[in-house]
Amino acid sequence: MSGEPARRIGNLVDVEPDRAFDEDVLREYLTGAVAEFDGPMTVRQFEGGQSNPTFKLETADAAYVLRRKPPGPLPKSAHAVDREFRVMSALFEAGLPVAEPLVLCEDEEVIGSMFYLMRFVPGRVFWDPKMPELTPEERGAVYDSANETLACLHKVDYEQLGLGDYGRPGDYFARQISRWSRQYRDAKTVEIPEMEALMEWLPDAIPEGEERTSIIHGDYSFHNLIIHPTEPRVASIVDWELSTLGNPVGDLTYHMMEWFRPEGVDVRGTLRGADLASLGIPSAQDYAETYRRRTGFDVDPMHPFYRTFHLFRVAAILQGVAGRVRDGVQKGGNSEEIVTLIRPLAEAAWKEARGI
């Protein structure tokens with residue numbers, strides 16, 4: 001919640017009963033599949049609302065993270081941990097700050113669903129973008145590192161990395177609006193008039209401009225950036241579930257919602273109304289200019305369409321969670337809390353659309 005300190009990686013709970021698996025079978029598999037894996041292990045679950053349950057495995061000599069598909073029936077293209085493993089493997093080899101992927105297991109007999117194992121990256125995760133534990137100088141450095149990391153990701157030659165088929169180039173926002181409108185309708189649990197109005201308004205409101213294509217993370221926000229334990233820099237980008245090929249301005253403007261997000265629509269904090277100068281955090285305009293300088297992309301992330309679209313998109317994503325809770329596919333974590341944010345997000349998005 002807004003105002004809470006950085007969450008250390010290691011915010012762990014006991015494995016939820018509906019996410020449990022035979023740890024002896026997993027240990028036997030990993031002993032054969034990962035050369036360095038050795039000995040008894042402990043397993044705990046990362047707290048939170050991840051749609052792909054995530055666990056920390058510790059042995060006497062090492063620590064790992066396991067991400068798996070949830071068990072049970074799922075939409076065909078959802079929870080594609082194999083896609084996560086693929087893009088992370090390519091980006092790790094290219095020198096981007098991602099955890100080292102170690103093995104992908106597609107045999108559902110091992111723990112009940114597909115999973116992959118990666119090396120654990122220690123560090124800090126800031127859910128409040130004001131980062132109250134840091135000095136102004138440290139905050140500025142963290143923001144600059146996040147900006148530089150995003151620019152580096154967007155400049156990667158995805159064709160050279162073998163990711164030319166990782167998504168469809170062109171018409172990114174039109175396809176996104178269609179995708180999330182469809183998910184919202186498929187998972188709808190209550191009537192929200194603002195969502196209906198947004199689904200009509202958004203397709204005709206997309207700004208004109210050059211359509212670039214890059215690898216995009218899809219959820220690039222500080223809650224998905226592990227900051228080095230003692231240094232003000234990004235150590236790893238996590239949670240690649242929404243990654244694809246797309247317009248990099250989509251990543252940039254989602255990330256920049258930290259500056260524009262209204263109060264009360266997210267479990268994270270916001271910079272809206274904050275004294276940025278005293279915090280050591282750049283203005284949205286300065287942050288965008290730094291990104292433009294680093295990438296050479298001529299983008300205008302200040303257009304109000306982007307704020308409207310991202311609030312709508314998050315509402316649609318959370319509606320998917322609500323649908324999974326309704327259907328009994330997703331339980332635990334903070335899922336019950338976050339579904340209460342769907343209507344406030346939709347209302348805030350419709351206000352942005354109308355310039356209120």
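Predicted model: local features only at pLDDT ≥ 70, side-chain atom pairs only at ≥ 80, totals over all residues.
Buried here means under 20% relative accessible area.

## Helix α3

Helix α3 covers residues 136-155, and its 20 residues at 1.5 Å each should span 28 Å; the end C-alpha atoms sit 29 Å apart, so the two values agree.

C152 is a partly exposed residue, because its relative accessibility is 40%.

## The open sheet

Six strands make up an open sheet, ordered β2-β3-β4-β5-β7-β6, with antiparallel pairing. At the edges are β2 (12-13) and β6 (101-105), each of which pairs on one side only. Helix α1 (residues 23-33) packs on this sheet and touches β3 (42-46), β4, β5, β6 and β7 (115-119), with its direction at about 120 degrees to that of β6. Helix α2 (residues 81-93) lies across β5, β6 and β7 and runs at about 155 degrees to β6.

As for cysteines, C105 is buried, because its relative accessibility is 2%. Searching the whole structure for disulfides turns up zero.

## Strand β5 up close

How is β5 tied to β4? A hairpin of four residues joins the two, and five bridges link β4 (residues 54-58) to β5 (residues 63-68) in an antiparallel run. Across that pairing, E58 stands opposite A63 in β5. Strand β5 also has five bridges to β7, again antiparallel, and here R67 has Y116 of β7 as its bridge partner.

In a regular strand, side chains alternate between the two faces of the sheet. You can see this in β5: A63, V65 and R67 point one way, while Y64, L66 and R68 point the other, and all are buried. Six of the six residues of β5 are buried, so the strand is largely enclosed by the rest of the structure.

## Aromatic pairs

A pair of aromatic rings is described by the distance of the centres and the angle of the planes. The count for this model is 15 aromatic pairs. In one of them, F305 and F309, the ring centres are 6.0 Å apart and the planes make 10 degrees; planes under 30 degrees apart count as stacked, so this pair is stacked.

Where do F305 and F309 lie? Both are in helix α10 (residues 304-326), four residues apart, which is about one turn of the helix. F305 is buried, because its relative accessible area is 1%, and F309 is buried as well, because its relative accessibility is 0%. Ring pairs also link these two with Y172, F173 and Y306 into a cluster.

## Another positive phi

D239 has a phi near 60 degrees, a positive value in a residue other than glycine. Is D239 buried or partly exposed? Its relative accessible area is 21%, so D239 is partly exposed; the cut-off for buried is under 20%. D239 belongs to the loop between β11 (234-237) and β12 (244-246).

Definitions and conventions. Residues numbered from 1 in each chain as written. Heavy atoms only, no water. Expected span 1.5 Å × (residues − 1). Pairing = 2+ DSSP bridges. Contact = heavy atoms within 4.5 Å. Axes fitted to C-alpha atoms, helices over the stretch in contact; angles between N-to-C directions. Disulfide = S-S within 2.5 Å. Buried < 20%, exposed > 50% of the residue type's maximum accessible area, 1.4 Å probe, protein only. Phe/Tyr/Trp six-rings, centres within 6.5 Å; stacked < 30°, edge-to-face > 60°.
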